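Please examine the sequence and the structure shown below. The report then considers selected parts in turn.

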Amino acid sequence: MASIIFHENTKTFHLYNQKISYIMCVLENGHLGQLYYGKKIHDKEDFSYLVEKCGRPMTSYIFEEDRTFSLEHIKQEYPVYGTTDYRHPAVEILQENGSRISDFQYESYEIRKGKHKLNGLPATYTESDEEAVTLSVKLYDTETKIRLTLFYTIFEEEAVIARSANFYNEGEKPVHLLAAMSMSLDLPDQDYIWMQLSGAWARERHIKNRPLEQGILAIDSLRGNSSHNHNPFMVLKRPGATEQDGEVIGFSLIYSGNFRIQAEVDTYDVTRITAGINPAGFDWKLESGDSFQTPEAIMVYSDHGLNDMSQTFHRLYRKRLARGYWRDRPRPILNNNWEATYFDFTEDRLVEIAKKAKECGVELFVLDDGWFGKRNNDHAGLGDWVENPERLPHGMKGLAEKIESLGMKFGLWFEPEMTNKDSDLYRAHPDWIIQTPNRSTSHGRYQYVLDFSRKEVVDYIYEMMYRILSGAKISYIKWDMNRSITECYSKALPADRQGEVFHRYILGVYDLYDRLTRAFPEVLFESCASGGGRFDPGILYYAPQGWTSDDSDAIERLKIQYGTSLCYPISSMGSHVSVIPNHQVFRNTPLHTRANVAYFGTFGYELDLNKLKEEEIREVKEEITFMKEYRDTLQFGTFYRLKSPFEGNETVWMSVSEDKKTAIVGWYRVLNGVNMPYTRVKLEGLDPDLLYENIQAHTEHYGDELMNLGLITTDVTSGEVPGDAKPCTDFESRIYLLKAREDRE
Ligand code: DGJ
């Protein structure tokens with residue numbers, strides 16, 4: 001049971017559930033000190049022995065007669081700079097007199113059941129008040145008259161703490177928030193490996209590891225979107241911690257814009273983690289009577305390794321961040337026309353592709369880029385969300401009806417935040433793009449970013465999208481975003497508010513998502529940003545799935561999906577089978593390998609099935625039948641990473657159904673070898689006492705056997721071994737389907 005205790009005498013807060021404890025106290029100087037975060041420990045009234053007070057040369061002290069109390073050496077919850085602490089702060093406030101010093105003194109606290117909403121921002125939620133408890137700690141800076149509230153929610157069942165901060169200006173004068181992080185956490189040592197998810201277009205979220213060392217280590221984005229380059233997610237793991245064992249802490253920021261996650265290890269080996277909106281370029285003018293809410297940061301603790309941490313994130317983000325009609329529903333198998341046609345399509349061609357897809361069992365046909373305005377290539381049309389009659393002579397309604405009459409749902413692509421100079425929108429409103437006066441304006445893919453910090457711009461795009469969505473039966477939206485922001489400046493804001501534009505832009509994006517998902521609650525939204533350029537928890541709140549990467553090559557996808565799974569649930573990862581040679585890496589992989597990778601995601605096809613041979617179509621039909629039967633387990637089961645593509649030639653992962661009666665293991669090998677050793681892999685998450693049938697091999701094994709002795713994954717190259725294993729090539733893969741015996745009766 002989750003609980004928050006406050007010990008009046010020692011002014012100590014203890015947040016705990018069955019798994020974790022988080023302890024802090026009010027320090028002698030009135031600030032909030034961090035005492036402990038980790039595996040659950042017994043409650044006690046007094047943990048003040050953990051406040052490190054000692055005199056050291058070159059240290060500055062708060063109290064005149066006391067040469068022990070220095071914030072430089074004390075672990076804190078939301079530190080400020082320059083009042084004896086010289087490390088990077090959680091907050092920096094520029095005041096009218098030019099000072100940046102602040103002093104937030106503890107005033108009071110409140111403990112409430114459940115969790116409140118964060119105005120205008122995505123955040124985790126509860127469905128009943130019994131699921132979590134929230135502590136609000138109120139602090140006050142008398143000089144600026146800023147009231148700071150720190151929120152901490154501890155979830156009932158999960159090793160999760162959600163944090164955010166709120167600033168309210170009670171004074172008469174405005175101040176400028178130059179840093180307002182979502183969380184700060186001081187940990188007592190530096191004995192961690194820092195893991196991050198980094199990459200670039202088409203190779204998103206590769207796992208990178210580095211040991212912490214004295215100094216600063218950070219990942220961030222200054223691009224306006226969370227980015228392909230660094231995901232707003234980081235793990236601290238103990239050296240020696242593995243997927244199965246050891247202590248790890250995951251930090252995730254529910255935000256889609258400029259962010260920073262930083263570890264500062266001081267020269268006494270204390271590690272300070274801060275996460276939040278990137279302070280670089282940030283400057284929020286907080287007027288008298290206004291408040292500012294930071295995005296939410298999530299901390300997940302595990303002493304059972306990375307898989308356990310990821311499973312916690314998966315459950316939380318799947319069930320208490322993602323929302324709506326599609327949250328718990330198996331995702332439709334789709335066929336997207338992008339790689340099949342690019343811009344070269346007519347209505348007839350689309351219907352031809354859709355017909356074949358229907359014959360194979362596909363459930364949703366998605367029309368990608370190119371259906372609107374003068375969009376015959378990527379130089380024109382963005383912003384003109386009106387059907388191009390040359391391509392769609394019967395309008396969107398006509399095409400949607402044709403697809404529906406085939407017995408499939410119809411989905412559509414938009415890129416709401418952008419415009420081309422060659423568009424009616426731009427011609428009518430050239431001042432609606434983000435651009436700095438008297439400077440040249442850079443483009444990305446010949447497109448310009450609409451100023452979503454302006455309500456009238458968001459309203460206009462909403463109206464256009466509303467018209468299309470309400471004029472035809474559209475069941476799915478792919479929301480794309482294909483460039484980052486440059487020359488950031490809004491013509492609608494005064495000079496002293498230009499530091500707000502990046503954040504206001506993202507608030508505008510969230511606002512449009514919010515309005516559309518409310519107006520069309522049963523439409524499935526899939527986010528996209530040139531693949532995975534904005535694959536973050538902020539967007540997941542509105543769109544329960546995202547296009548993981550523009551790279552649809554099965555071998556490349558092993559690393560991308562493996563890395564992504566550290567934080568994000570399988571049901572959120574858009575994954576399609578595409579043609580060979582692959583359009584990104586020109587590699588030829590077997591059809592079954594492409595499907596075997598895509599099963600661990602939302603699953604679909606990104607090709608024209610008419611172009612496949614008869615035997616391939618037979619295979620596709622089998623794949624779709626398999627996916628329909630097992631997508632519950634694949635998308636909503638418990639996911640385990642077993643062998644990493646970052647560490648060797650083989651990748652293995654698996655999903656286990658909630659009742660543990662079905663397990664699906666994906667085994668993948670990049671290059672074939674010769675005369676290779678026998679191999680086996682220890683499975684996870686099975687019921688040790690259940691007898692499982694390995695369906696393809698027609699063998700039976702107990703759960704404990706498969707978990708301790710392992711599943712034999714050796715190649716079968718002679719006809720003597722039972723089952724339907726095929727001779728192997730490069731890029732080989734297999735799915736092992738394990739079903740508990742009683743289910744087979
Ligand atoms: C980038 C996306 O990632 C692709 O899937 C496709 O939708 C194109 N944009 C269309 O322009």
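## Basis of the report

The model is predicted.

## The ligand and its surroundings

The ligand is surrounded by 13 residues. The closest of these are Asp368, Asp369, Lys478, Asp480 and Asp550. Sorted by class, the shell consists of six charged, four nonpolar and three polar residues.

In Asp550, a side-chain N or O atom lies 2.4 Å from an oxygen atom of the ligand. For Trp413, the distance between a side-chain N or O atom and a ligand oxygen is 3.1 Å. The side chain of Trp547 has an N or O atom 3.4 Å from an oxygen atom of the ligand. On its own, the ligand has 300 Å² of accessible area, and the protein covers 97% of it.

## Two pairs of helices

Two packed helices are described by the distance between their axes and by the angle between those axes. Both quantities are given here for each pair.

The crossing in which α6 passes α7 is right-handed.

The other pair is helix α10, residues 591-598, and helix α11, residues 614-636. Here the axes come within 11 Å and cross at roughly 20°. It follows by the cut-off already stated that α10 and α11 are therefore roughly parallel to each other. The crossing of α10 and α11 is right-handed.

## Two points in the backbone

Where is Pro581 found? Pro581 belongs to the loop between strand β30, residues 576-578, and helix α10. The peptide bond that leads from Ile580 to Pro581 is cis, and its omega is near -10°.

Lys145 is located in another loop, between β7 (132-141) and β8 (146-155). Its phi is near 60°, which is a positive value in a residue other than glycine.

How values were computed: Residues numbered from 1 in each chain as written. Predicted model: local features only at pLDDT ≥ 70, side-chain atom pairs only at ≥ 80, totals over all residues. Heavy atoms only, no water. Near = heavy atom within 4 Å. Polar contact = N/O pair within 3.5 Å; in protein donor to acceptor, adjacent residues only side chain to side chain. Areas by Shrake-Rupley, 256 points an atom, 1.4 Å probe, with all protein chains shown as cover. Nonpolar A, V, L, I, M, F, W, Y, C, P; charged D, E, K, R; others polar. Axes fitted to C-alpha atoms, helices over the stretch in contact; angles between N-to-C directions. Helix = DSSP H or I, 4+ residues; strand = E, 2+ residues; numbered from the N terminus. Parallel < 35°, antiparallel > 145°, perpendicular 65-115°, else oblique. Left-handed = near helix turned anticlockwise from the far one by under 90°.
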